[in-house]
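Here is a brief report on a chain and its packing. Sequence and structure come first, then the notes.

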Amino acid sequence: MLINRIVIYAQDIMIFTGRSKSYAYNVLNRIRKSVGKGKHSLITFQEFADFHGIHVNELTDIIFRKH
């Protein structure tokens, strides 16, 4: 599987968790705060995975799987 980006977006979180867009943005903001990033900084797949204690491969497999 070829992953051509490292930044996670709200839509990716919605796919992974099955939750709403507002939940996804809230998660992104919590991660930014926990890693000390600014309001407009991007979050990587690795930062998301580390924050939630999951392996990045599990995350990317679900987000990028062929439908």
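Helices here are DSSP runs of H or I with at least four residues, numbered from the N terminus. Glu58 is found in one of them, helix H4. The model is a predicted one.

**Glu58**

Is Glu58 buried, exposed or partly exposed? Its relative accessible area is 43%, so Glu58 counts as partly exposed. Asn29 lies 29 residues from Glu58 along the chain. The C-alpha atoms of Glu58 and Asn29 are separated by 22 Å.

**The nonpolar core**

The largest nonpolar core has 13 residues. Which of them touch the most other members? They are Ile8, Ile13, Leu28, Phe48 and Leu59. The largest share comes from H2, with 4 residues.

Neighbours within four places in sequence aside, Leu59 is in contact with Ile8, Phe16, Phe45, Phe48, Ala49 and Ile54. Two of these, Phe16 and Phe48, return in the next section.

**Aromatic rings**

A pair of aromatic rings is described by the distance of the centres and the angle of the planes. The count comes to 2 aromatic pairs. One of them is formed by Phe16 and Phe48, and this pair is edge-to-face. The ring centres are 6.1 Å apart, with 85 degrees between the planes. The pair links distant parts of the chain: Phe16 belongs to helix H1 and Phe48 to helix H3, 32 residues apart.

How do the accessibilities of these residues read?

| Residue | Relative accessible area | Class |
|---|---|---|
| Phe16 | 25% | partly exposed |
| Phe48 | 1% | buried |
| Glu58 | 43% | partly exposed |

Buried means under 20% relative accessible area. Phe48, at 1%, is therefore buried. Phe16, at 25%, counts as partly exposed.

**Two arginines**

Arg19 has its charged end over the ring of Tyr23. The distance to the ring centre is 4.0 Å.

Arg32 is found in helix H2. Arg32 is buried, yet has no salt bridge. Which side chain of opposite charge is nearest to Arg32? That is Glu47, 8.1 Å away. A salt bridge needs a side-chain nitrogen of Lys or Arg within 4 Å of a carboxyl oxygen of Asp or Glu. Which residues does Arg32 contact, leaving aside neighbours within four places in sequence? They are Lys37, Gly38, Lys39, Ser41 and Ile43.

Technical notes
Residues are numbered from 1 along each chain as its sequence is written. This is a predicted model: local features need pLDDT of at least 70, side-chain atom pairs count only at pLDDT 80 or more; totals for chains, interfaces and linings use all residues. Side-chain values use heavy atoms; hydrogens and water are left out. A nonpolar core is a set of buried Ala, Val, Leu, Ile, Met, Phe, Trp, Tyr and Cys residues joined through side-chain atoms within 4.5 Å. Buried means under 20% relative accessible area, exposed over 50%, partly exposed in between (1.4 Å probe, protein chains only). Helices (H or I, at least four residues) and strands (E, at least two) are DSSP runs, numbered from the N terminus. Contact means heavy atoms within 4.5 Å. Rings of Phe, Tyr and Trp (its six-membered ring) pair if their centres lie within 6.5 Å; planes under 30 degrees apart count as stacked, over 60 as edge-to-face and the rest as tilted. A charge sits over a ring if NZ of Lys or CZ of Arg is within 6 Å of the ring centre and within 35 degrees of the ring normal. Lys and Arg count as positive and Asp and Glu as negative; His and the chain ends are not counted.
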